2 protein chains.
Amino acid sequence: MTTTAPAALITLDWGTTALRAYLQAADGAILDSHTAMQGIMSLDGASFADVLTANAGGWVHAHGPLPVLLSGMIGSRQGWVEARYVPTPAGLADLAAGLTPVPDAPKPFGPVAIVPGLLRDDADAPDVIRGEEVEVFGALHRLQRTDGLFVLPGTHSKWVRVEAGRITHFSTYMTGDVFAALKGHTILGRMMQGEAHSAEGFRRGVLAARGLKGPGSLLGRLFSVRTLGLTGRLGEEDSADFLSGLLIGAELSDATHGREPFTLVANPGLTERYAAAADVLGLAHTQAPAGSAPAGQFAVARAAGLI
Amino acid sequence: MTTTAPAALITLDWGTTALRAYLQAADGAILDSHTAMQGIMSLDGASFADVLTANAGGWVHAHGPLPVLLSGMIGSRQGWVEARYVPTPAGLADLAAGLTPVPDAPKPFGPVAIVPGLLRDDADAPDVIRGEEVEVFGALHRLQRTDGLFVLPGTHSKWVRVEAGRITHFSTYMTGDVFAALKGHTILGRMMQGEAHSAEGFRRGVLAARGLKGPGSLLGRLFSVRTLGLTGRLGEEDSADFLSGLLIGAELSDATHGREPFTLVANPGLTERYAAAADVLGLAHTQAPAGSAPAGQFAVARAAGLI
């Protein structure tokens, strides 16, 4: 996209392990961006203000005191300022109304604010999200849609339902976290060899997930990753991806109720894996274009009157 | 039990981390026993023959060259001699016919043999068991039964179905292994405090399991262990037992199909936990008397003509 609009906004998608900073024009074009491995848990003693200046200071020196919008874990208890959780259902206007200002914003930046997270306040199984909801609004904007089921694969995958432009429900699946714990710290990891991706192992794992019945069956089926190896039916180079396919297949079946179309957002490596699993299960899916995070941040900033 | 029958058999239940040795009379009475932390993975360089002599040598010096029967992981690839797997369905006679002799049995012991494991040779989800099947035959003998569903709780719980005196099916649930990996190596462990057992946390976890629907729902529900804490609904001192209840509840519902009565065998600490979960779920259950392992070993030895 070429643009003649002036620089108007700085946004940072600031997570646990990394940050991505964007210089955005008044029409939402991305004028500049960069990534640093300076997530909130990897600051090496630097202050949040120092890190913001190091990553975006050049932009304000060139373009004046632009407003800054932050989203992600920077708003958690371990972040710069704890930003509240807004209850679902919530639309862009609710996020915009819930912005938390950062009181000690460094000069010469304009006002710095943090996007709130969302809380699904179910008494038995509440859920929280912080950052991915902004990406969903960005994906909606890019796709010109106001409804749908979206997934943001990750260590903790987030499944987000949007109706009439508002997030009405979301659920967290700990699939990636569980995979790493099972591979690294149970008997299953002992038979896993090789680093190369095994598409065949993954496909077989997804098919195994399709055969599961009932909530506890996963705890039973896990052991077959080992016994299929013991009986010569699964190679050691295939078993890690078999486990990955089993878990992702179970997640997909549950989150889509086995039939609902969905849209993949962000995380290219994992997205490919989720798309492959959906194909095995015969689940319709589309892929949001890249850049959902800054597009969502821009939409929140506009709804809040920052630009 | 008092007995006047002479010593006739030495048996060892020899697992990964510990061994339990028994001196048995010709009528199955236990004349002497002891436990050592000398499982096959904790031998500190000693040979299997040395460890047998250290733990049972006194008995043969006192009573002559008694036959020795070993069961458990001592028959695995990492054990003394690899014992075969017998396919299901299998009864005592099949185990007895499949004994593997130890060729270099130390003097002055009589013949030393290892009980085979069982293999359920399902192409999609095969399963193996090594040691627990002997305990099931012991429980059947002690209970004077020939049918039923039995569970041996452990790092890997084994559910064993017996029909007309033969094991027709069994399934392994990795519940304990999964619990330890999730507690120790995912985000869930960060909010878990305290070592004291929380019966209330456990009960709430079992109830949460009852509400699960579908095989992937567990991956989604796990995150609520964290969010219930974040929203002030679950104390940090309750959350480890909540997770334990969630997993054991899911296992019990699946293995019993939500309704089938079962019998708990061995492992007193875990047995109490499984019984509590079954009570919450309204599942009928009974408890086998202690001593199933040596009773099962005795039954195999008699079926094999060793005594």
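Trainee: What share of the contacts in chain A between residues at least 6 apart in sequence join residues at least 24 apart?
Mentor: That share is 66%; a contact requires that the C-beta atoms of two residues, placed from the backbone, lie within 7 Å. The model is predicted, so local features need pLDDT of at least 70 and side-chain atom pairs count only at pLDDT 80 or more, while totals for chains, interfaces and linings use all residues. Residues are numbered from 1 along each chain as its sequence is written, with chains lettered from A and ligands numbered from 1 in the order in which they are written.

Trainee: Why does the radius of gyration of chain A agree with that of a compact globule?
Mentor: The radius is taken over C-alpha atoms, and the globule rule is 2.2 Å times the number of residues to the power 0.38. For 307 residues the rule gives a value near 19 Å, and chain A has 21 Å, which is therefore in agreement. The C-alpha atoms of chain A fill a box of roughly 65 × 40 × 40 Å along the principal axes.

Trainee: What makes H3(A) mostly covered?
Mentor: A residue is buried if 20 or more other C-beta atoms, placed from the backbone, lie within 10 Å of its own, exposed if 12 or fewer, and partly exposed in between. Nine of the twelve residues of H3(A) are buried, including A:Val134, A:Phe137 and A:Leu140. In chain A, buried residues make up 51% of the 307 residues.

Trainee: How does the span of H3(A), residues 132-143, compare with the expected one?
Mentor: The expected span is 1.5 Å times one less than the number of residues. H3(A) reaches 16 Å from its first C-alpha to its last, close to the expected 16 Å. Helices are DSSP runs of H or I with at least four residues, strands are runs of E with at least two, and both are numbered from the N terminus. Just after H3(A), A:Gln144 takes a positive phi of about 55°.
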